[in-house]
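Student: Could we go through this model together and ask, step by step, what stands behind each label?
Tutor: Gladly. Let us set each value against its definition and then conclude.

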Amino acid sequence: MKVLITIIAICFTLPWQIVLFLTGITIVIKRFDLFFYLLIVLIILSAGLYFFWFRNLSMLSGLNQTNFVSWYIIQFSQQLCQKFFRIEIFLLRRAFD
């Protein structure tokens, strides 16, 4: 059950981050027609994130929500650094081959 909730949450998280970024960009470039469409999509994705991720945080872990979020951020940043390090090594190897 935990894995299924996490997979569903990921399906909402990635588009949510992209739409959040694009919503801000549309304000900067003054494309208000696109802004309102993106705002509607952002609200829908935020509701999905709330129902599939945030509301289930206590079920996903025995920790309370604040500790879980801190732990998740630390784990995510460590994994991200490892992936970027692997990509750098791969690119350096290709550059010198």
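Tutor: One definition to begin with: a polar contact is a pair of N or O atoms within 3.5 Å, where, inside a protein, one atom must be able to donate a hydrogen and the other to accept it. Please also keep in mind that this is a predicted model.

Student: What makes the approach of the Thr23 side chain to the backbone oxygen of Val19 a polar contact?
Tutor: A polar atom of the Thr23 side chain lies 2.6 Å from the backbone oxygen of Val19. The limit is 3.5 Å, so the pair qualifies. Thr23 itself sits in helix α1.

Student: Where does the side chain of Thr26 reach?
Tutor: Thr26 is in helix α1 too, and its side chain comes to 2.7 Å from the backbone oxygen of Thr23.

Student: Why is Thr23 called buried?
Tutor: Buried means under 20% relative accessible area. Thr23 has 7% relative accessibility, so it counts as buried. Thr26, with a relative accessible area of 5%, is buried as well. The buried residues of α1 are Ile5, Ala9, Val19, Thr23 and Thr26.

Student: Which residues does Thr23 touch, leaving aside its neighbours within four places in sequence?
Tutor: Thr23 is in contact with Phe35, Leu38 and Leu42.

Student: How far from Thr23 is Leu34, in sequence and in space?
Tutor: Leu34 and Thr23 are 11 residues apart in sequence, and their C-alpha atoms are 8.1 Å apart. Leu34 belongs to helix α2. With a relative accessible area of 35%, Leu34 is partly exposed, since that label covers values between the 20% and 50% limits.

Student: How do you know that the span of α2 agrees with what a helix should have?
Tutor: Helix α2 covers residues 32-52, which is 21 residues. At 1.5 Å a residue these should span 30 Å, and the end C-alpha atoms are 30 Å apart, so the two agree. The expected span uses one less than the number of residues. For α1, with 27 residues, the reach from first to last C-alpha is 39 Å, close to the expected 39 Å.

Student: What makes one side of α2 a buried face?
Tutor: In α2, Phe35, Leu38, Leu42, Leu45, Gly48 and Leu49 are buried. Seen down the helix axis, the buried residues fall within an arc of 145°, so they line one face of α2.

Student: What do the two sides of α2 carry or pack against?
Tutor: The buried residues of α2 pack against α1. The face turned away from the buried side carries the exposed residues Tyr37, Ile40, Ile43 and Ile44.

Student: Why is the pair of Phe35 and Phe36 called edge-to-face?
Tutor: Rings pair if their centres lie within 6.5 Å, and planes over 60 degrees apart count as edge-to-face. The count by this rule is three aromatic pairs. For Phe35 and Phe36 the values are 5.3 Å centre to centre and 70° between the planes, which is edge-to-face. Tyr50 and Phe51 also form an edge-to-face pair, at 5.2 Å and 75°.

Student: Are the residues of these two pairs buried or partly exposed?
Tutor: Phe35, at 14% relative accessibility, counts as buried. Tyr50, at 40%, counts as partly exposed, and Phe51, with 41%, is partly exposed.

Student: Which pattern does the whole chain follow?
Tutor: The chain reads α-α-α-α along the sequence, with four helices and zero strands. Of its 97 residues, 16% are buried. Its accessible surface comes to about 7900 Å², of which 73% belongs to carbon and sulfur atoms.

Terms used:
Residues are numbered from 1 along each chain as its sequence is written. This is a predicted model: local features need pLDDT of at least 70, side-chain atom pairs count only at pLDDT 80 or more; totals for chains, interfaces and linings use all residues. Side-chain values use heavy atoms; hydrogens and water are left out. Buried means under 20% relative accessible area, exposed over 50%, partly exposed in between (1.4 Å probe, protein chains only). The arc is that of the directions from the helix axis to the C-beta atoms. Contact means heavy atoms within 4.5 Å. Rings of Phe, Tyr and Trp (its six-membered ring) pair if their centres lie within 6.5 Å; planes under 30 degrees apart count as stacked, over 60 as edge-to-face and the rest as tilted. Accessible areas come from the Shrake-Rupley method with a 1.4 Å probe; for residues, only the protein chains shown count as cover.
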